[in-house]
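Thanks for making time this morning. I have one structure to show, and I will keep to what can be read from it.

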Amino acid sequence: MSDPQEPQEPRGDAVGAHDTDADVAIEEPAASSPTAATARESARAAAMGPAGTAPPAAGHTDVEPPSRWHTMGQQIVTGNAIISVLAVVLALIVGAIMIAFTDERVQETSAYFFSRPSDMLLAVWDSVSGAYAALFQGSIYNFRRDDFLDGIRPLTETLRFATPLIAGGLGVGLAFRVGMFNIGGRGQILIAASVAGWIAFGFDLPWGIHMIVALIGGLVGGALWAGIAGLLKARTGAHEVIVTIMLNYVAFYLISWMLRTPGLLQAPGSSNPKTPAMMETAIFPKILGFLGPQFNLHLGFILVIIATIVVWWILTRSSLGFRFRAVGENPNAARAAGINVPSVYVYAMLISGALLGLAGVSQVLGTVTTGFTAGIDAGIGFDAITVALLGRSRPWGIFIAGILFGAFKAGGFSMQAAEGVPIEIVLVVQSLIVLFIAAPPLVRTIFRLPAEGGPRRPRPLVSKEVEAK
Amino acid sequence: MKLELRGITKRFGSLVANDHIDLTVEAGEIHALLGENGAGKSTLMNVLYGLYQADSGEVLLDGEVQHFAGPGDAMAAGIGMVHQHFMLIPVFTVAENVMLGHESTKAGGVLDLPTARAKVREISQRFGFHVDPDALVDDLPVGVQQRVEIIKALSRDARVLVFDEPTAVLTPQETDELMGIMRQLKQSGTSIVFITHKLREVREVADRITVIRLGKVVGEAAPTATNAELASLMVGRAVELRVHKEEPKLGDPALVVEGLTVIDPVGHLVVNDVSFTVRRGEILAVAGVQGNGQTELTEALVGLQPRVRGSISLDGIELSTASVRKILDAGVGFVPEDRTEDGLIGEFTIAENLMLDRSEGAPFIRAGSIQRGVLDDFAREKVAEFDVRTQGIDEKVRQLSGGNQQKVVLARELSRELRLLVAAQPTRGVDVGSIEFIHKRIVEARDSGVPVVVVSTELDEVTALADRIMVMYRGRIVGIVPGNTPRDVLGLMMAGEVPAEGAAA
């Protein structure tokens with residue numbers, strides 16, 4: 001770009017100096033060179049021309065800098081897995097402190113801490129270890145039961161709770177990878193649940209086919225509901241966060257109204273805002289039913305495993321996923337490479353909505369089959385965001401994160417029942433996990449990890465030189 | 001003030017950015033720090049400015065050891081920095097920007113603007129800057145904005161001024177003005193550290209030259225050294241300074257642009273009624289100061305500008321209304337001006353970036369699925385062919401140097417069957433060694449019969465590559481002149497002056 005390519009002969013000093021003078025003579029500081037200045041002015045006037053356009057600002061290019069929102073989002077969404085694990089550890093530690101604080105015996109013993117500190121420390125240990133033991137027994141394996149089948153039942157409950165969380169997390173995570181925040185999980189789940197539920201209680205179809213039709217109906221419902229946001233973003237640039245949040249309200253009140261209106265979703269002969277029970281022909285079979293009636297894990301979990309594999313394939317192996325990721329990482333470069341960015345937004349939202357729809361379907365056909373209310377989403381739409389963040393938007397990461405959160409849900413109840421730990425503490429731990437994930441530097445500082453990307457890439461404040469390295 | 005750096009060492013993990021660097025700048029001396037991108041110049045200056053702490057070594061001012069915990073300390077000690085990317089707030093006036101960071105207030109917390117204005121006037125007068133303290137920075141040309149940066153530094157009584165690649169954003173004329181300012185500052189006793197990788201400027205203004213390569217001082221040179229000497233010191237081997245190109249073998253007109261007008265989102269005509277023709281086997285270089293419509297012109301050629309009037313036809317096919325996909329499929333290769341923004345996806349691997357504009361259909365996609373094997377083979381072949389220095393095809397592009405990133409872009413674009421190559425700023429931020437290579441490949445493309453449009457704000461690049469030169473000013477064509485047009489004529493044309501003769505070539 002500079003002299004290395006100088007086409008003229010390499011010059012000696014004298015020639016160079018002469019050349020310098022010539023250059024300077026072209027234009028001294030503008031004011032002192034009237035001819036050049038006037039020439040420039042007239043050219044400027046000519047350029048303004050009859051069209052009367054303002055001059056393009058010097059140094060201005062039409063390139064949009066990546067918005068801070070976008071960059072920040074990418075950072076939160078795609079950090080490394082170690083941060084996720086450490087965030088969980090950190091949250092459990094802080095959770096332990098809170099459990100200790102809320103424990104009555106700890107409070108009592110703290111009154112005479114200085115005369116007999118061992119009492120309080122013992123109380124702390126009892127409350128914390130008891131609580132986490134209860135969490136384990138309620139979510140993975142209960143040692144208090146005699147035979148293995150009864151002991152392992154909590155794990156199947158964990159997986160059952162995890163099913164919609166994983167499906168929803170995949171939906172939110174996929175949208176993240178395309179650079180979109182799908183906050184509309186609640187609305188998509190509600191719409192999907194309603195469509196699936198309506199088919200499941202309102203139609204008479206043979207076993208199996210009924211279930212499949214209801215499933216597909218739900219997925220399409222969720223996909224279309226999310227697709228509205230995708231289409232609006234693609235066509236008008238409306239921000240998907242605002243659109244999806246508002247569509248949550250639209251869906252919620254629409255469904256609430258339909259649940260109160262006879263002839264729509266309301267159960268006949270009832271005045272409650274609740275649907276009739278699902279027909280047997282449409283309900284997801286219990287996949288562990290052969291082990292005993294207490295095993296509630298249903299087909300939804302298998303579907304979620306399949307969904308995880310499909311999403312993994314889309315993102316890492318398919319041409320569509322390549323375009324998804326390209327748009328998510330750098331929409332400008334994607335556009336310059338001939339990728340139709342608006343259509344990618346629409347496709348991504350359709351698939352994202354279908355995955356959240358799967359969460360809704362598994363709720364009505366698997367978990368709550370006796371008829372549902374407007375509360376059927378059970379906060380999954382928002383928990384899904386948490387799961388996607390914890391899973392770093394990677395399909396298998398989301399799968400694991402979903403199971404972890406399923407374990408919190410399943411184990412939370414036994415924590416409360418066995419140890420009297422407020423259920424809110426479990427939610428506090430969940431929230432802390434996300435809080436720590438959202439602040440990687442905090443986690444890194446606490447665990448003294450090196451900065452992101454290792455030491456090879458320092459991030460100087462002003463140097464573009466090292467940056468280019 | 002005499003500045004001394006003794007044995008400065010700065011490591012980032014295993015990377016030694018500065019390795020025992022010694023540098024002495026006498027009072028009233030212009031000392032050029034020359035080196036390729038990534039040689040460690042900016043790291044060294046960030047150590048000097050207190051942004052980094054050196055692992056070992058010391059900074060001395062007039063023989064006294066300094067300890068800078070941050071830029072505030074450095075400024076207080078009399079060090080000023082003029083960054084390549086201006087640290088100005090566009091919606092503030094000049095005076096407000098100058099006082100920013102050490103605002104003095106009157107009673108009741110009211111800003112003492114009059115004092116700041118007076119200071120700006122006083123410094124402007126002293127050096128003949130002609131800067132209005134009440135002008136909004138946003139309204140000022142880039143060259144004047146830079147002077148505001150200089151005023152800012154001087155208003156804090158800087159006795160050592162560091163200019164970090166100051167000419168990257170300037171026109172040739174503005175560059176010459178800056179050189180004048182530097183000489184004036186030098187006469188007033190200010191020590192100047194001038195960081196650059198442009199040889200011409202160094203030889204013009206520097207009293208002494210220190211060359212840095214891979215974090216080490218590799219030599220000192222006098223300004224009398226030849227370009228070839230300096231370049232080989234910088235790169236560490238003999239560098240081919242000239243682009244070897246034969247006379248063009250001109251074919252039929254391939255790209256015909258007529259009455260092309262591009263309207264930006266706020267309704268300005270950023271490209272205004274532009275017509276030109278490029279023939280097969282010809283390089284048309286578009287010269288001009290940054291921001292005169294060249295960027296928009298190249299974007300219009302590949303369909304990235306939404307509001308376009310007029311006609312663009314390639315081999316008889318109308319492209320002005322086609323989608324980007326169609327245009328790329330018609331055989332247009334595009335090297336965008338800002339590779340990190342438009343050309344590459346930093347988080348993608350080299351292999352993925354190489355298939356970026358072929359994400360549908362053969363050869364990389366079959367049945368909706370990426371053919372990993374095909375892609376990897378292709379990537380390995382291209383990495384070897386284009387000499388991309390990397391640990392492997394699965395390395396993220398973000399981790400490559402600017403030159404290697406640009407080679408990836410070029411490899412991708414040149415590996416398709418091309419009927420037109422549009423290259424905007426193909427060597428911006430690229431090291432000398434890679435520039436040589438990139439130019440060679442562009443000329444090869446031309447020699448194989450591809451019409452080429454190169455946009456560059458670097459006159460050296462324009463004159464090195466062009467068969468014909470088209471100069472743009474404020475969205476219009478000032479003139480199309482032969483490739484051997486002298487620099488000074490081009491310089492005037494870049495300022496909007498229509499040349500007396502030879503306007504049609």
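Predicted model: local features only at pLDDT ≥ 70, side-chain atom pairs only at ≥ 80, totals over all residues.

Chain A, then. How many helices and strands does chain A have? It has 19 helices and zero strands. Chain A runs to 469 residues, and 46% of them count as buried. As for how the chain folds back on itself, take the contacts between residues at least 6 apart in sequence: in chain A, 73% of those join residues at least 24 apart.

One helix pair in chain A is worth a look. Helix α12 of chain A covers residues 319–329, and helix α14 of chain A covers residues 341–367. Their axes are 10 Å apart, and they pack at an angle of about 110°. An angle from 65 to 115 degrees counts as roughly perpendicular, so α12(A) is roughly perpendicular to α14(A). Which residues make the contact between α12(A) and α14(A)? From α12(A) there are L320(A), R323(A), F324(A) and V327(A). On the α14(A) side they meet V341(A), V344(A), Y347(A) and A348(A). By type, the contact of α12(A) with α14(A) has seven nonpolar residues, one charged and no polar.

Next, the core. The largest nonpolar core holds 279 residues. Those with the most contacts inside this core are A196(A), L365(A) and F194(B). Which helix gives the core its largest share? That is α14(A), with 15 residues. If you want to look at one residue there, take A196(A). Leaving out residues up to four places away in sequence, A196(A) touches A214(A), L215(A), G217(A) and G218(A), and also G360(A), V361(A), V364(A) and L365(A).

Now chain B. An unreviewed UniProt entry annotates residues 3–239 and 255–499 of chain B as "domain: ABC transporter".

Two residues in chain B have a positive phi without being glycine. One is H130(B), with a phi of about 55°. H130(B) sits in the loop between α4 (113–127) and α5 (142–155) of chain B. The other is R474(B), at about 50°, in the loop between β21 (468–473) and β22 (476–482) of chain B. Are these two buried or exposed? H130(B) counts as partly exposed because it has 13 C-beta neighbours inside 10 Å. R474(B) has 25 such neighbours inside 10 Å, so it counts as buried.

L51(B) is in the loop between α1 (41–48) and β4 (56–61) of chain B. L51(B) has 19 other C-beta atoms within 10 Å. Burial takes 20 or more, so L51(B) is partly exposed. From L51(B) to A466(B) is 415 residues in sequence and 42 Å in space, C-alpha to C-alpha.

E436(B) lies in helix α15 of chain B, residues 432–447. E436(B) counts as buried because it has 20 C-beta neighbours inside 10 Å. Along the chain, E436(B) and A423(B) are 13 residues apart, and their C-alpha atoms are separated by 15 Å.

That is where I will stop.

Terms used
Residues numbered from 1 in each chain as written. Chains lettered and ligands numbered in written order. UniProt positions renumbered as here; feature names shortened; annotations may be inferred. Axes fitted to C-alpha atoms, helices over the stretch in contact; angles between N-to-C directions. Helix = DSSP H or I, 4+ residues; strand = E, 2+ residues; numbered from the N terminus. Parallel < 35°, antiparallel > 145°, perpendicular 65-115°, else oblique. Contact = placed C-beta atoms within 7 Å. Nonpolar A, V, L, I, M, F, W, Y, C, P; charged D, E, K, R; others polar. Buried ≥ 20, exposed ≤ 12 C-beta atoms within 10 Å, placed from the backbone. Core = buried A, V, L, I, M, F, W, Y, C linked by C-beta atoms within 7 Å.
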